[in-house]
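Me: I have a structure on my screen and want to learn how to read it. Where do I start?

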Amino acid sequence: MGVNILDVLLRRVSEGNDDAFEELYVQTGKGVYAFVYTYLHNAADTEDVVQTVYLKVKLGIHTYKHGSNPKAWLLQIAKNQSLNELKKRRREVPTEEIEIVSDPQFGEGTVMDAMKRCLSEEEQRIVTLHVLWAYKHKEIAEILHCPIGTVTSKYKRALEKLKEKLKEDEL
């Protein structure tokens, strides 16, 4: 999924093309889901936030600058919506225990499940951005507002932890 393709799709969305909006979702939906999941760790909330992200994309398409980085623009919306959801959670007072719903994509035995069980939230974000979104470490550092050396070392450590966890799970 090239940046140019996303830029063209966003341009078409800005012109009111619903087919382009649907294609944008097809091209980016799984990656946005995985990215949001690293914040919320809950399939139901993640799905709600992803829907909100795409609604914000459609309603806020006029804020996208064509020729810029469409992935970064989309992930910034996803990050903001995820943080808003976390703030909302902190304000709510739980009245009963709610069972966390698991999504089949993130079920037992999958890589995402292993990531959730053995990596910190920041490590999950770094791995997701690098592996699913093909961002370079420098770009991830900019997105997460941290030094590139930190991103590089955390990515390497995260891969080691993940390999170890996957080996354990095989036994």
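Reply: Start with one residue. This is a predicted model. Find Cys118, which lies in helix 5.

Me: Which residues does Cys118 touch, leaving out those up to four places away in sequence?

Reply: Contact here means heavy atoms within 4.5 Å. By that test, Cys118 touches Glu123, Lys161, Leu162 and Lys165. Look at Lys161. Cys118 and Lys161 are 43 residues apart along the chain, yet 6.7 Å separates their C-alpha atoms.

Me: Now helices. At what angle do the axes of helix 2 and helix 6 cross?

Reply: Roughly 175 degrees, and the axes come within 9 Å. Angles over 145 degrees count as roughly antiparallel. So helix 2 is roughly antiparallel to helix 6. Trace residues 18-40 for helix 2 and residues 121-132 for helix 6.

Me: Which residues meet there?

Reply: Helix 2 brings Ala34, Phe35, Thr38 and Tyr39. Helix 6 brings Glu121, Gln124, Arg125, Thr128, Leu129 and Leu132. Sorted by class, this contact of helix 2 with helix 6 has five nonpolar, three polar and two charged residues.

Me: How do I read a nonpolar core?

Reply: In soluble globular proteins, nonpolar side chains tend to be buried together. Here the largest nonpolar core has 48 residues. Val32, Val53, Val57, Leu129 and Trp133 have the most contacts inside that core. Elements giving two or more residues to it include helix 1 (3-14), helix 3 (43-59), helix 4 (70-91) and helix 8 (148-170).

Me: Which helix gives the most to this core?

Reply: Helix 2, with eleven residues.

Conventions. Residues are numbered from 1 along each chain as its sequence is written. This is a predicted model: local features need pLDDT of at least 70, side-chain atom pairs count only at pLDDT 80 or more; totals for chains, interfaces and linings use all residues. Side-chain values use heavy atoms; hydrogens and water are left out. Axes are lines fitted to C-alpha atoms, for helices over the stretch in contact, and angles run from 0 to 180 degrees between N-to-C directions. Helices (H or I, at least four residues) and strands (E, at least two) are DSSP runs, numbered from the N terminus. Angles under 35 degrees count as roughly parallel, over 145 as roughly antiparallel, 65 to 115 as roughly perpendicular and the rest as oblique. Ala, Val, Leu, Ile, Met, Phe, Trp, Tyr, Cys and Pro count as nonpolar, Asp, Glu, Lys and Arg as charged, and the others, Gly among them, as polar. A nonpolar core is a set of buried Ala, Val, Leu, Ile, Met, Phe, Trp, Tyr and Cys residues joined through side-chain atoms within 4.5 Å. Buried means under 20% relative accessible area, exposed over 50%, partly exposed in between (1.4 Å probe, protein chains only).
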